Amino acid sequence: MSEHGVTGAATTPDTNDIDSTDPVGRLDRLPVGPWHRRLTAIVGIGAFFDLYEVFLGGVLAAALAESWQLSGTEKSWLIASGFLGMFVGANVLSVLADRFGRRKMFLVNLGLYSLFSLACAFAQDATQLSVLRFLAGLGLGAELVLVDTYLAEFLPRKVRGRYIAWAYTLGFVGVPVAALLGARLVAKHELFGVDGWRWLLVGGALGAAFIQLLRTRLPESPRWLASQGRTAEADAVVRGIEAQAGAEPAAIPAPRAETAESAGTTETPEPAAAKVPLGQMFKAPYARRTVMWWIFQILQTVGYYGFGSLAPVVLQAKGHTVTESLTYAALSYLGYPVGSALSVPLIDRIERRTLIILSALGIAAFGLVFGFAEASWLIVGAGFLLTVSSNVFSNAFHVYQTEIFPTGMRSSAIGIAYSLSRLTSVVLPFIAIDVLEDLGADAVFIGSGVLMLILCLNVRILGPRTTGRSLESI
């Protein structure tokens, strides 16, 4: 018999007959092909609407400040309301995804967002718009959590990082699109007799509805099915994927045992089909990871979402017009898809934890330059480099968080931690806009830089190594 049990009699645990009853193991050993790329594209395009909505708050606050005579508090609520909805949605829908499945929640979350985003387009004042943005945020709360969880549970480990990075590259096209469309539509004021900013909301709603239709054809995660004891269904899903990939179970090599030397750890792989109580996230070995990730999610919001959602308001405070502010922000936001694409060749070559730290230092450094810059070229240049760093950072941490918790509680553990970033995003505009008005943009970015340094220490001290290892062995 060969080393991997591909030929010969079925006389050892490495035989093909036994391996073919392990649908989860077969997922990791499938040849990567068009099926994986199509799945990544459909899921990644859905992330577009989460990111579009996240950065739309700053666009709306800048666009409506004059016409609606918004106070500082009202501008803060326009930005914060969507995040507050995302906080609630991340806690509820991510936990439901561990109970009822990833696919069902994928359909629920975009459906809610599409409905209430369309309703936002008909808002008549800041209060109505803030309430409806909260409701739209409920639907999007678990979107990125589900993107991370779903793709991680399907993709072979050798391409897990790169393909998730490609999914986010598609998604992050939404950020400069929101700002560029905002600048054009706000400048025109009306299109077909309707206020330009309302078209931004209609476009998001209709686009999300279309992606929801595409997602109705997605299969349920075999890893989730196996964790519920539904191994026959998991096997059926994997067999369908194998048929589309042109691979039969018998043709897929059985795995080598993962040793301490190859994995960089002596942890024992956990059975993929085991149910894991949510309370396990507060027990060894996951308690340390939970604490690390809660701290991380609170701090990363300031450096990452803080810039994206507040940049138009910061530029207005520097004396630029609404149209100039949105144009400069849009040019800076081009760094989001560029940084995301740049992360693709890096993410599986550099240890995830190290890449997070290096890119976080870039966010801190370029944020300081942006805060102090006065010349337009330097504002745009620093903003662009900041957003490039931000999306190397973002893609690295989105992959990383899928790897540090087991399947049975992956969505819940990630979602609860991720909701803290949304809660921080609720508070952030109220603090940042006050600091901006009282102390200026430089003070905002000095504070952000300090918090990013603390984040780096937190990940370095408490975070495990994960790159190149199977989910069940981490």
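Select Arg-26 and Glu-242: the two form a salt bridge in which the closest N and O atoms are 2.5 Å apart. A salt bridge here is a side-chain nitrogen of Lys or Arg within 4 Å of a carboxyl oxygen of Asp or Glu. The pair links distant parts of the chain, with Arg-26 in helix α2 (residues 23-28) and Glu-242 in helix α12 (residues 231-245), 216 residues apart. Helices are DSSP runs (H or I, at least four residues), as are strands (E, at least two), and both are numbered from the N terminus. Arg-26 counts as buried at 0% relative accessibility, and Glu-242 is buried with a relative accessible area of 1%. Buried means under 20% relative accessible area, exposed over 50%, and partly exposed in between (1.4 Å probe, protein chains only).

The model on display is predicted, so local features need pLDDT of at least 70 and side-chain atom pairs count only at pLDDT 80 or more, while totals for chains, interfaces and linings use all residues. Residues are numbered from 1 along each chain as its sequence is written, and side-chain values use heavy atoms, with hydrogens and water left out.

**A network of salt bridges**

Next, select Arg-160, Arg-162, Asp-348, Arg-352 and Glu-403, which are linked in a network of salt bridges. Centre the view on Arg-352, which is buried at 0% relative accessibility. Arg-352 forms a salt bridge with Asp-348, the closest N and O atoms being 2.8 Å apart. The side chain of Arg-352 also meets that of Glu-403 in a salt bridge, at 2.5 Å from N to O. Arg-352 lies in helix α18 (residues 352-372) and Glu-403 in helix α19 (residues 376-403), so this pair ties together parts that are 51 residues apart in sequence. Glu-403 is buried as well, at 1% relative accessibility. The structure holds 15 salt bridges. In general, side chains of opposite charge can pair when their charged atoms come close.

**Helices α4 and α20**

Now display helix α4 (residues 72-100) together with helix α20 (residues 410-439); their axes come within 8 Å and cross at roughly 170°. That crossing makes α4 roughly antiparallel to α20. Axes are lines fitted to C-alpha atoms, for helices over the stretch in contact, and angles run from 0 to 180 degrees between N-to-C directions. Angles under 35 degrees count as roughly parallel, over 145 as roughly antiparallel, 65 to 115 as roughly perpendicular and the rest as oblique. The residues of this contact divide into 16 nonpolar, 9 polar and 3 charged. Nonpolar covers Ala, Val, Leu, Ile, Met, Phe, Trp, Tyr, Cys and Pro; charged covers Asp, Glu, Lys and Arg; the others, Gly among them, are polar.

Within helix α20, pick Ile-433, which is buried at 4% relative accessibility. The C-alpha atoms of Ile-433 and Gly-72 are separated by 7.4 Å, although the two are 361 residues apart along the chain. Then pick Thr-424, also placed in helix α20 and buried at 16% relative accessibility. Thr-424 and Phe-87 are 337 residues apart in sequence and 9.0 Å apart in space, C-alpha to C-alpha.

**Two loop positions**

Move to Gln-69, in the loop between α3 (34-64) and α4. Its phi is near 55°, a positive value in a residue other than glycine. Gln-69 is exposed, at 62% relative accessibility.

The second stop is Pro-285, in the loop between α13 (260-263) and α14 (286-303). A cis peptide bond joins Ala-284 to Pro-285, with omega about 0°.

**An enclosed helix**

Select helix α7 (residues 143-154) next. Of its 12 residues, 12 are buried, so α7 is largely enclosed by the rest of the structure. At 1.5 Å a residue, helix α7 should span 16 Å, and its end C-alpha atoms are 17 Å apart, which agrees. The expected span is 1.5 Å times one less than the number of residues.

**Cysteines**

Finish with Cys-120, buried at 1% relative accessibility, and Cys-456, buried with a relative accessible area of 7%. How many disulfides does the structure hold? The count comes to 0, a disulfide being a pair of cysteine sulfur atoms within 2.5 Å.
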